[in-house]
Amino acid sequence: GTSCASQHGRQLLCDLEELCAAHEEVVCAPRSCMGRCGHGPNVQVWPASAAQPSLVSGVRNYDDLERCASACAQGLRPSRLQRDIARLKFRARRAASAEERKGLLAEAFAKVQAPASPAEELQ
């Protein structure tokens with residue numbers, strides 16, 4: 001299908017909420033159809049400094065997601081560890097099988113449990 005729902009729109013909302021969790025100026029909420037079927041998943045971004053929202057289409061990978069989040073969350077700079085885990089969770093939410101999802105989440109948990117050097121944490 002070409003709807004946002006069929007293109008992982010709900011998962012995208014979860015990804016965006018997690019990425020922007022520390023930024024209370026960002027509100028993540030589901031929307032009704034924005035009329036851009038086939039170009040999605042689509043996200044409406046409304047930075048605090050803007051007079052009106054803008055539509056971002058085709059948010060299909062983690063890099064697109066981070067660019068979209070950066071547009072509305074001032075100073076969004078995930079650490080290397082946060083980014084690595086967010087990428088794994090992004091992929092896990094879209095995994096074709098439970099086994100693939102389980103493997104990606106296990107990799108994310110291993111990163112959290114592994115002690116990082118101070119230099120790695122700041123990257």
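Helices here are DSSP runs of H or I with at least four residues, strands are E runs of at least two, and both are numbered from the N terminus. With that in hand, reading along the sequence gives the pattern α-β-β-α-α-α-α for the protein chain, or 5 helices and 2 strands in total. What you're looking at is a predicted model, where local features need pLDDT of at least 70 and side-chain atom pairs count only at pLDDT 80 or more, while totals for chains, interfaces and linings use all residues. Residues are numbered from 1 along each chain as its sequence is written, and side-chain values use heavy atoms, leaving out hydrogens and water.

Let's start with the overall picture. The C-alpha trace spans about 45 × 35 × 20 Å along its principal axes. Of the 123 residues, 31% count as buried; buried means under 20% relative accessible area, exposed means over 50%, and partly exposed is in between, with a 1.4 Å probe and protein chains only. The chain exposes about 7,800 Å², with carbon and sulfur atoms supplying 53% of that (Shrake-Rupley method, 1.4 Å probe; for residues, only the protein chains shown count as cover). As for contacts, meaning heavy atoms within 4.5 Å, residues 24 or more positions apart account for 51% of those with a separation of 6 or more.

Now zoom in on α2, which covers residues 62-72. Its buried residues are Tyr62, Asp64, Leu65, Glu66, Cys68, Ala69 and Cys72. What covers them includes α1 (9-19), β1 (43-45), β2 (54-56) and α3 (80-93).

Move on to α3 and you'll find alanine 92. Alanine 92 counts as buried because its relative accessibility is 3%. Setting aside residues up to four places away in sequence, alanine 92 touches Arg101, Leu104 and Leu105. Its C-alpha atom is 8.3 Å from that of glycine 103, 11 residues apart along the chain.

Back in the segment before α1 sits serine 3. Serine 3 has 31% relative accessibility, so it counts as partly exposed.

Finally, the pockets. On a 1 Å grid over the protein atoms alone, a pocket is an open set of points with protein on both sides within 12 Å along at least five of seven lines, and lining residues have an atom within 4 Å of a point. The largest pocket has a volume of about 720 Å³. Its lining has 30 residues, and Ala29, Pro30, Arg31, Met34 and Asn42 lie nearest its centre. α1 gives the most to this lining, with 5 residues. The second largest pocket holds about 290 Å³ of space; volumes are the space filled by probe spheres set on the grid points, which are joined across faces, edges and corners. Among its 16 lining residues, Glu18, Leu19, Pro78, Gln82 and Ala86 lie nearest the centre, and α3 supplies the largest share, 5 residues.

Notes:
1 Å grid on protein atoms, 1.4 Å probe; cavity = no way out; pocket = protein on both sides within 12 Å on 5 of 7 lines; lining within 4 Å.
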